[in-house]
Amino acid sequence: MRITRNILAALVAAFAGVSNTASSQAKPAVKSLDIYIADTEGGKATLYVSPSGETVLIDTGNPGARDLDRILAMFASAGVTKVDYLISTHYHTDHVGGMAEFVKRIPVAHFMDHGPNVEPRDQVAGFAETYAGLYANAKHTVLKPGDRVPVKGLDWRIVTSAGKAITTPLTGGGQANAATCAETQRKPDPASPDDNGQSVGSVITFGRFRAIDLGDLLWNNELDLVCPKNQVGTVDLYMVTHHGLDQSGSPALVHSVRPRVAVMQNGTRKGGAPTSFETIRRSPGLEDIWTIHWSYAGGVEHNSAGMFIANVDSLPQIAKILTQGRAGGAGNPTHSPAYGIKISAQENGTFTVTNARNGFSKTYVKR
């Protein structure tokens, strides 16, 4: 599969939004932690570019040209040509399906994961063998809770992996958490092994800025991280767990870490559950929820205002689906062009979130 120069240029423009129009008036750049989120239609591919220029990619989206093109466009927009660390949170199709083709185009120095798949078969046919072949020619680390990803200028800590959580608190964590934990009941464990619960979870600190990204970690595994003690402390940015599905995103977790901003990597019909929106909005200190897509499950009552949504169907399409009662339908139709979200964080803790669709940005000054 080849990407034409015109298609790639269009995708880069879509991801970059209108930011180039203001470049002539911009002040000299201050080194920041830049986070780029691609639209993988309810999958995951998030690129972190550190102030030192080192890169971390979390997951590689779905198989096929659609997500690959979008991820490559994200890299072009960021001016990135390599991956220093590729963290695969777990082995589901929407998180690792695009890896084999991606690695043919962007070199990866170091592969990281939680260890073997706990499910009886790969969701991506032959993935275990393919993956072993990829990391045979690079570095490979099976991550454990408490490990550090050695990115210069960042304190990147692994807080969950292989169904386990850290037992020694991070700086700012360790507080007794009985009141917050009391509002959340554990859910029945999955009837069969579920690799979601094995997700590699990270807390990323840059100066006074902190972000948490737990992949698709399941509800009960989240409780292990914050109950009976909050081992993490608080964060500025919450990468909403599991696309905003109600299998994750427990009140105990969200209300313990108290994010100022949440970013949901959902699809039109995947994630964005009403209970997830409600839980996040009740979190103390929450200012805004940004989403990759308008959620039909969330509807008009729960979705954020349009300026905070990267991809929105036409109003007639939204009205048709809502009135015909097909909000819970399966599948995520391809949107073109597809838009991403970018976060730029400063060492003093202030950060800016930008919607590539409309160029809307909001800056959150550190309190």
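**A helix and its surroundings**

Analyst: Let's begin with what covers the buried residues of helix H7: the list includes strand S8 (155-161), strand S9 (164-165), helix H6 (178-181), strand S13 (229-230) and helix H8 (251-257). Helices (H or I, at least four residues) and strands (E, at least two) are DSSP runs, numbered from the N terminus. Contact means heavy atoms within 4.5 Å.

User: Where do these values come from?

Analyst: This is a predicted model, in which local features need pLDDT of at least 70 and side-chain atom pairs count only at pLDDT 80 or more, while totals for chains, interfaces and linings use all residues. Residues are numbered from 1 along each chain as its sequence is written, and side-chain values use heavy atoms, leaving out hydrogens and water.

User: How many residues of H7 are buried?

Analyst: Buried means under 20% relative accessible area, exposed means over 50%, and partly exposed is in between (1.4 Å probe, protein chains only). Seven of the eight residues of H7 (residues 219-226) are buried, so the helix is largely enclosed by the rest of the structure. Among them are Trp219, Asn220 and Leu223. For the whole protein, 55% of the 367 residues count as buried, and the secondary structure comes to eleven helices and 20 strands.

User: In what order do the strands form the open sheet?

Analyst: The general idea is that two strands pair if DSSP finds at least two bridges between them. Here nine strands form an open sheet in the order S6-S5-S4-S3-S2-S1-S18-S19-S20, with mixed pairing. Strand S6 (139-142) and strand S20 (361-364) are the edges, each pairing on one side only. From one strand to the next, the twist averages 15°. Axes are lines fitted to C-alpha atoms, for helices over the stretch in contact, and angles run from 0 to 180 degrees between N-to-C directions.

User: How do S5 and S6 run?

Analyst: Strand S5 (residues 110-113) and S6 run parallel and are joined by four bridges. His110 stands opposite Lys139 in S6. Helix H5 (residues 127-135) lies across S5 and S6, running at about 140° to S5.

User: What sense of pairing do S18 and S19 have?

Analyst: Strand S18 (residues 341-345) and S19 pair in the antiparallel sense over five bridges, and Val353 in S19 is the bridge partner of Ile343. Their hairpin has five residues between the strands, where Gly349 takes a positive phi near 100°. S19 and S20 also run antiparallel, joined by four bridges. These two form a hairpin with five residues between them, and Gly359 in the turn has a positive phi of about 75°.

User: Which residues have the most contacts inside the largest nonpolar core?

Analyst: In soluble globular proteins, nonpolar side chains tend to be buried together. A nonpolar core is a set of buried Ala, Val, Leu, Ile, Met, Phe, Trp, Tyr and Cys residues joined through side-chain atoms within 4.5 Å. The largest one here has 36 residues, and those with the most contacts inside it are Leu33, Tyr48, Ile87, Trp156, Leu237, Val263 and Ile343. Not counting residues up to four places away in sequence, Val263 touches several others, including Ile37, Trp290 and Ile343.

User: What kind of aromatic pair do Trp290 and Phe308 form?

Analyst: A pair of aromatic rings is described by the distance of the centres and the angle of the planes. Rings of Phe, Tyr and Trp (its six-membered ring) pair if their centres lie within 6.5 Å; planes under 30 degrees apart count as stacked, over 60 as edge-to-face and the rest as tilted. By this rule the count comes to 13 aromatic pairs. Trp290 and Phe308 form an edge-to-face pair, 4.8 Å centre to centre with 85° between the planes. Trp290 lies in strand S16 (residues 288-293) and Phe308 in the loop between helix H10 (299-302) and strand S17 (309-311), so the pair ties together parts that are 18 residues apart in sequence. Both Trp290 and Phe308 are buried. Elsewhere, Tyr91, Phe111, Phe127, Tyr131 and Tyr135 form one aromatic cluster.
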